[in-house]
Amino acid sequence: SIIFLSILIILISPIIYFSFNLLLGVWGFKSVEMVLEQGDLRSAEKNIFLAQGSAERNKKFLEISQPVFKILGFGEGIQKIENLFSLIEFLSEGTGQAIFAAEEGKQILKGTLHDENINLEESLSKIKIETGNAYENFSLAQNVLDNFSGQEPIFGSFILRAKKELPNWRF
C-alpha cells in the first residue's frame with residue numbers, strides 16, 4: 001500500500017504542479033489585461049513577465065514529464081496544452097512590445113509638452129521596431145489561436161475572447 005501510494009503521488013504530482021502553473025499563466029495574462037484597461041503600463045509589464053515565466057516553466061515541465069502524461073492517457077491533449085503555452089508567450093511578448101512602444105510615445109509627448117530636448121528620429125525608430133515586433137508576435141498568436149475551438153475546458157473563454165480581440169491588437 002505504501003508502494004501504491006508512492007506511485008500514485010509520483011503520477012499525480014506532475015498534474016498538480018502543471019495545473020497550478022497553467023492557471024497562474026492564464027491568470028497572469030488576464031491581470032495584464034485588467035491593468036492595461038486602467039492605463040497602468042508599468043504594472044502590465046510586471047504581469048507580462050510573470051505570465052511569460054509561467055508559460056516557459058510549463059513548456060519545460062511538459063517536455064520533461066511528457067512520458068508520465070502519456071501513461072496517464074493525456075497524450076492527445078499535450079499538443080493543445082503546448083499550443084496554449086505558445087499562445088500565452090506570443091501574446092505576452094507582443095503586449096510587452098506594444099507597451100514599450102506606448103511608453104516611448106509617452107516620452108515623446110512628455111518631452112514635447114515640457115519643451116525638453118528629445119531625439120524624435122530615434123524614438124520614432126524604436127516605436128516602429130517595437131510595433132513591428134508586436135505585430136509579428138500577434139500574427140504568430142493568431143496562427144496558434146486557429147488550433148482552438150474556444151470550447152476547451154478551463155481556458156475556453158480566454159480563447160474566445162482572444163479570438164475576438166486579437167485582430168484589434170494587430171495594428
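A residue is called buried when its relative accessible area is under 20%, exposed when that area is over 50%, and partly exposed in between, using a 1.4 Å probe and the protein chains only. By this rule K46, at 58% relative accessibility, counts as exposed. The structure is a predicted model, in which local features need pLDDT of at least 70, side-chain atom pairs count only at pLDDT 80 or more, and totals for chains, interfaces and linings use all residues. Residues are numbered from 1 along each chain as its sequence is written, and side-chain values use heavy atoms, with hydrogens and water left out.

Begin with helix α1, which covers residues 2–37. Helices here are DSSP runs of H or I with at least four residues, strands are runs of E with at least two, and both are numbered from the N terminus. L5 is found in α1 and counts as partly exposed at 48% relative accessibility. Together with F4, L8, I9, I12 and I16, L5 forms a nonpolar patch on the surface, with about 580 Å² of accessible area in total. Patches are made of residues with over 30% relative accessible area and no salt bridge; nonpolar side chains (Val, Leu, Ile, Met, Phe, Trp, Tyr) are joined within 5 Å, and like charges within 9 Å. Accessible areas come from the Shrake-Rupley method with a 1.4 Å probe, and for residues only the protein chains shown count as cover.

Next comes helix α2, residues 41–71, where N47 has its place. N47 counts as buried because its relative accessibility is 14%. Which residues does N47 touch, not counting those up to four places away in sequence? They are G28, S31, V32 and V35, where contact means heavy atoms within 4.5 Å.

K46 also lies in helix α2. K46 gathers with R42, K106 and K110 in a surface patch of positive charge. Helices α2 and α3 each supply at least two residues of this patch. Lys and Arg count as positive and Asp and Glu as negative, while His and the chain ends are not counted. The place of a charge is taken as NZ of Lys, CZ of Arg, CG of Asp or CD of Glu.

In the loop between α3 and α4 is D115. Phi of D115 is near 55°, a positive value in a residue other than glycine. D115 counts as exposed, at 72% relative accessibility.

Now consider opposite charges that meet. A salt bridge is a side-chain nitrogen of Lys or Arg within 4 Å of a carboxyl oxygen of Asp or Glu. How many salt bridges does a search of the whole structure find? The search finds four.

One of them joins the side chains of E152 and K80, at 3.6 Å from N to O. This pair links distant parts of the chain, 72 residues apart: E152 is in the loop between α4 (120–145) and α5 (156–169), and K80 is in helix α3 (residues 78–113). E152 is buried at 11% relative accessibility, whereas K80 is partly exposed at 33%.

Another joins K126 and E122, whose closest N and O atoms are 3.4 Å apart. These two residues are separated by about one helical turn because they are four residues apart in helix α4. K126 is partly exposed, with a relative accessible area of 32%, and E122 is partly exposed at 41%.

In helix α5, R161 and E165 are also four residues apart, and so are separated by about one helical turn. They form a salt bridge with closest N and O atoms 2.8 Å apart. R161 is partly exposed, at 38% relative accessibility.
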